[in-house]
Amino acid sequence: MKLLKVMSAGVVAAALAATMVFSAAATDVNDVLAAAKNAGLSEDTTQYVELKNFLNSNADSFTSEDFDAMIAAANDASATYVKPIADELFPGKALSELTSDELSQIVAKMTPEQKQGIRDSLVKVGKEVGVTVSVDKSDATATVGGDKDNNGGSNVGPADKVDDPVANTGAVGTDSTLAAVMGIITLAAASTGIAVVSKKNRK
Amino acid sequence: MSERTSAKGKSHETHTHKSSSSNQVLRTITFVLTPFLMLIIFCSLGFIFLSKPAAKIQPYAHMAFAQNIVRPDTSLRTVNKYRDDDAPLLTDTVKNEETEEEHTIIYPYYGDFYATLNCEAAGMNDIPVYCGTANDVLENGAGWYNGSEFIGVEGNVVIAGHNHTYFYNLPNCDVGDKVTLETSYCKLTYEVSERVVFHQSDVSLVSPQKDDRLTMYTCWNNGKLGMSEYRLAIICKLVEREWKEVQTE
């Protein structure tokens, strides 16, 4: 099954952190979420709720083995990219004790190569569990989108596409309206010009 | 007399010659100017077609004039571009930890119509709420933020809307006003408890909360329309939760 998911760079790391577990026996969504909390993804964050909504709405698509695969791949990525920075910034502090601000600091300190490594891990994990993941890179945001299947596109679940926590909710898109108004004014002026010239021509 | 006639004739000739010259000038101007005016007209029509309606008819124009007609992938998606029309129903069971009652909820697909919002005191009647807060979703109605709790689930439900369309009357909500949010599987009644202006970088109000609440927000520009770095949040406390019988087949 191919799914669509959009994440911020912070969520990428947090989602991977969320699948870091110290138990190899995670069998359902609740186990993964409990492990995520233990790994430092605070349940007071929107990232935690995003992950919870994603897993719950797609629970039927994952098997116990899928969760184990996620856990294993995330453990590798965490050990490689997250823990070294955490130990440097917050020595002696367990990952489960990290606050969301501290996790953000870790992500901010990552090099582009490290972020790419995490994205590659996400793609690899996705392939193993039947989630097709593609990433559009920007320095501040990693965007993940799904490939199309034979039916022309994946059905996008409620939390498969992650939105900005605070959306743009003001008036937008005035360019097309302005273009239309300018066009109408110019059209009226040109038509008037032709009418005047034609009238003078008749005289 | 013949001299006068001749003089008059010459004068008439001169006058006619001058009139003929000015007509020629006018015709010349016309012949030169008219193509430019026509060009301006056609360009103006082009600008007009840059507006939104053109985008909607573009697929049909393409189909009418394209040499190689390719059936679009969206042929199965007449209702919502994010899912097939016959996409399976997504359901789940939520359990009240206190009463241990179980209820069925229906997960919307991204972009699906999700709920109806009402606050009569503020003039917000039958506001459609869709799943997601992407720009294209917010064009159709208010949007449920999918990083918040599903409607009906305990916690903070967050809904956003544009200040110039569906949430135009949101600033009219006052403390004590009644707000209802109804889906196909439940109906929630809230009471407005707080009005807060916050900066867009502050995610504390859209984050999980300890209590059951509804947080609605829109851009806040000191009462004026348009984009702003600030948002007006209307926070509502849950008063009542009613569950509905859900047909899953």
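This is a predicted model: local features need pLDDT of at least 70, side-chain atom pairs count only at pLDDT 80 or more; totals for chains, interfaces and linings use all residues.
# Talking through a two-chain model

Student: What is the average pLDDT of chain A, and which elements have the lowest and highest means?
Tutor: The average for chain A is 69, with 62% of the residues scoring at least 70. Among the elements of chain A, the lowest mean pLDDT, 32, belongs to strand 2 (residues 142–145), and the highest, 88, belongs to helix 3.

Student: Helix 3 of chain A, then: how many of its residues are buried?
Tutor: Of its 12 residues, 12 are buried, so helix 3 of chain A is largely enclosed by the rest of the structure. Among these buried residues are A:Tyr48, A:Val49, A:Leu51, A:Phe54 and A:Leu55, and the list also includes A:Glu50 and A:Lys52.

Student: And what span should that helix have, going by 1.5 Å a residue?
Tutor: Helix 3 of chain A covers residues 46–57, and at 1.5 Å a residue its 12 residues should span 16 Å; the C-alpha atoms at its ends are 16 Å apart in the model, which agrees.

Student: Stepping back, what is chain A made of?
Tutor: Chain A has 7 helices and 2 strands, which follow one another along the sequence as α-α-α-α-α-α-β-β-α. Of its 203 residues, 41% are buried, and among its contacts between residues at least 6 apart in sequence, 72% join residues at least 24 apart.

Student: And what about chain B, what does its secondary structure come to?
Tutor: Chain B has 3 helices and 10 strands, in the sequence pattern α-α-β-β-β-β-α-β-β-β-β-β-β. Buried residues account for 31% of its 249 residues, and of its contacts between residues at least 6 apart in sequence, 53% join residues at least 24 apart.

Student: What do the strands of chain B close into, and in which order?
Tutor: In chain B, 8 strands close into a barrel in the order 3-4-5-6-9-10-8-7, with mixed pairing. From one strand to the next, the twist averages 30°.

Student: Mixed, okay; how do strands 9 and 10 of chain B run, parallel or antiparallel?
Tutor: Strand 9 (residues 213–219) and strand 10 (residues 230–243) of chain B pair in the antiparallel sense, over 7 bridges. Within that pairing, B:Tyr217 stands opposite B:Ala233, while B:Thr218 has B:Leu232 as its bridge partner in strand 10.

Student: How do strand 6 and strand 9 of chain B run?
Tutor: Strand 6 (residues 156–160) of chain B runs parallel to strand 9 of chain B, and 5 bridges join them.

Student: How many residues of strand 9 of chain B are buried?
Tutor: For strand 9 of chain B, 7 of the 7 residues are buried, so this strand is largely enclosed by the rest of the structure.

Student: One more residue, B:Tyr82: where does it lie, and what is it in contact with?
Tutor: B:Tyr82 lies in the loop between helix 2 (52–65) and strand 1 of chain B. Leaving aside neighbours within four places in sequence, B:Tyr82 is in contact with A:Val156 from chain A, and with B:Tyr109, B:Tyr110 and B:Gly111 from chain B. B:Tyr82 and B:Tyr109 are 27 residues apart along the chain, yet their C-alpha atoms are separated by 7.4 Å.

Student: Why does B:Tyr82 count as buried?
Tutor: B:Tyr82 counts as buried because it has 26 C-beta neighbours inside 10 Å, and the cut-off for a buried residue is 20 or more.

Key:
Residues are numbered from 1 along each chain as its sequence is written. Chains are lettered from A and ligands numbered from 1 in the order in which they are written. Two strands pair if DSSP finds at least two bridges between them. Helices (H or I, at least four residues) and strands (E, at least two) are DSSP runs, numbered from the N terminus. Axes are lines fitted to C-alpha atoms, for helices over the stretch in contact, and angles run from 0 to 180 degrees between N-to-C directions. Two residues are in contact if their C-beta atoms, placed from the backbone, lie within 7 Å. The expected span of a helix is 1.5 Å times one less than its number of residues. pLDDT is the predictor's confidence in each residue, from 0 to 100.
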